[in-house]
Amino acid sequence: MPPIESLRIETLTIPTQGGAESDGTLVWDHTTVVLVEIDAGGETGLGWTYAHGAVAQVISDTLAPLLTGQPADDIPRLSALMHGKLRNNGLGGLSAMAISAVDIALWDGKARRLGMALARLFGLARDGVPVYGSGGFTSQSVEELRDQLGGWARAGLPAVKMKVGRDAASDAERVAAARGAIGPDVQLFLDANEAWTPKEALRHMEAFARHDVRWMEQPVDHRDLAGMAEVRARAPAAMEVSSGEYGWRPADFLKILQAGAVDVLQADVTRCGGYTGFLRVAALAEAFKVPLSCHCAPALHLPVACASPMLRHLEWFHDHVRIERECFDGAPQPDENGVLRPDLKRPGHGLRRR
């Protein structure tokens, strides 16, 4: 079994298109990508996370010395070693994102050494995954919103998502404009990014239901599981409530499921411990019979999404789609029905640095 020879870490800073973007609670003007390449057995595995550049130091100073020389294919064991080493730093946040980037690179490298697509290595539960267009930032004008969401609808995507929560009066106008742009047959999703209290969330959701909104993401603080459960229980019947993008370890997702806080569980492979962590979350979703959705990073999610029986869909997030197209060869594109399919002829997750 080949040993890990080296880890190489690089940080990229990608400016947003056309100035700062915003959601219900944050404003940003760039995205930071922390890349990891792991050499073993004549192949190089590639992984990354979308996180603060401090993650690169966690990997270089702590994880690289720990992993160098270890058997590269014993990935569950390596995951346990990384979690143990970072225990005193806290296993969420930067630690979890560092582990995620390394874990993704380890799995990509293993599949490449085997000469097979990562989706095949995990085992296919499906050949492709529906995507939903995700953007609709609160910083966009109404016309920009119509163009972006309407463009996804015309391209065949079955659903689109926009941001709300910054200004109630603006939200009402923008949601109505979005529904007009996408027509009656495309599902409309909303993401409040924790902007509201439970009572505020319910009031807004009742108003949005007039526009046949089918999805309400993070209406309240994700840590308020009782509040999330209340919102879910009292939400309009056709509107599903979702959360999970800030889950770091399987225990975080178990608490969400035990609280009955979501109709659809979300997980992010760049945050939840990489592919190893995501597969454990997928097992929890299957045990609770709760649908699962991938948060952002569409190209990285695709192999493990195809292996997850409870997977509902995958987020085609504007910023990450642009980064994957500009920085990597092999980034997948949805077909005319809005389905993303892995190229099973390309080894690993199929992406390489340009």
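I began with the neighbours of D191: leaving aside residues up to four places away in sequence, D191 touches K161, M162, K163, V164, M216, E217 and Q218. I note that the model is a predicted one.

I then placed D191 in the fold and found it in strand β8, which covers residues 187-191. Is D191 buried or exposed? I class D191 as buried, because its relative accessible area is 1% and the cut-off for buried is under 20%. I also looked up where its side chain points, and found that the D191 side chain reaches the backbone nitrogen of N193 at 3.0 Å.

Next entry, the largest pocket. I read its volume as about 720 Å³. Its lining counts 31 residues, and L26, W28, Y50, Y246 and R271 are the closest to the pocket centre. I checked which elements supply at least two lining residues each, and listed β3 (27-28), β4 (30-40), β7 (159-163), β13 (311-317) and α12 (318-327). Strand β4 has the largest share, with three residues. By class I noted 10 nonpolar, 10 polar and 11 charged residues in this lining.

Last entry, the second largest pocket. I read a volume of about 240 Å³. Which residues line the second largest pocket? I wrote down Q17, G18, A20, E21, F137, S139, Q140, E144, Q148, W152 and H318. Helix α5, residues 142-154, gives the most to this lining, namely three residues. I sorted the lining of the second largest pocket into three nonpolar, six polar and two charged residues.

Definitions and conventions
Residues are numbered from 1 along each chain as its sequence is written. This is a predicted model: local features need pLDDT of at least 70, side-chain atom pairs count only at pLDDT 80 or more; totals for chains, interfaces and linings use all residues. Side-chain values use heavy atoms; hydrogens and water are left out. Helices (H or I, at least four residues) and strands (E, at least two) are DSSP runs, numbered from the N terminus. Buried means under 20% relative accessible area, exposed over 50%, partly exposed in between (1.4 Å probe, protein chains only). A polar contact is a pair of N or O atoms within 3.5 Å; within protein, one must be able to donate a hydrogen and the other to accept it, and residues adjacent in sequence count only if both atoms are side-chain atoms. Contact means heavy atoms within 4.5 Å. On a 1 Å grid over the protein atoms alone, a cavity is a set of points where a 1.4 Å probe fits but cannot get out, and a pocket is an open set with protein on both sides within 12 Å along at least five of seven lines; lining residues have an atom within 4 Å of a point. Grid points are joined across faces, edges and corners, and a volume is the space filled by probe spheres set on the points. Ala, Val, Leu, Ile, Met, Phe, Trp, Tyr, Cys and Pro count as nonpolar, Asp, Glu, Lys and Arg as charged, and the others, Gly among them, as polar.
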